[in-house]
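Please find below a short note on the model under review. The points take up confidence and then two residues.

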Amino acid sequence: MKKGPCPSLLCALVVVVVVLAEARVSEAVTCNPLELRPCLGAFTSGQPPSAGCCDKLREQKPCLCGYIKNPNLKQFVNSPSTRRVVSACSVPYPKC
């Protein structure tokens, strides 16, 4: 009995399905520092960041270099309290 290309094709199809199932489609992040409002208390009063704050920091991570380079935001983003909150949320501080 001769085997055709079907087992190979089926195997390749399974691999593609598994890879696509694990791939996450990344949506474009809108860089807006106001999105970090949940972190305001942690930035200003030293309280621990909330889960919502950490979620927003992770979401805005691609934007942090832009915030650092913005002369209006630089002093806030480079502050020790911001670095503390970023660290507490396990978000790596960007090297821009």
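**Notes on the predicted model**

1. Thr82 is buried, its relative accessible area being 8% (buried is under 20% relative accessible area, exposed over 50%, partly exposed in between, with a 1.4 Å probe and protein chains only). Thr82 belongs to helix H6, residues 80-88 (helices are DSSP runs of H or I of at least four residues, numbered from the N terminus).

2. This is a predicted model, in which local features need pLDDT of at least 70, side-chain atom pairs count only at pLDDT 80 or more, and totals for chains, interfaces and linings use all residues. Residues are numbered from 1 along each chain as its sequence is written, and side-chain values use heavy atoms, with hydrogens and water left out.

3. Thr82 and Ser79 form a polar contact between their side chains at 2.9 Å (a pair of N or O atoms within 3.5 Å; within protein, one must be able to donate a hydrogen and the other to accept it, and residues adjacent in sequence count only if both atoms are side-chain atoms). Beyond four places in sequence, Thr82 is in contact with Phe43, Phe76 and Val77 (contact means heavy atoms within 4.5 Å).

4. Cys63 sits in the loop between helix H3 (51-59) and helix H4 (64-69). Cys63 is buried, at 2% relative accessibility. Setting aside residues up to four places away in sequence, Cys63 touches Val29, Thr30 and Cys31.

5. The mean pLDDT of the protein is 78 (pLDDT is the predictor's confidence in each residue, from 0 to 100). Over residues 6-26 the pLDDT is below 50. Where pLDDT is low, predicted coordinates should not be read in detail.

How values were computed. Helices (H or I, at least four residues) and strands (E, at least two) are DSSP runs, numbered from the N terminus.
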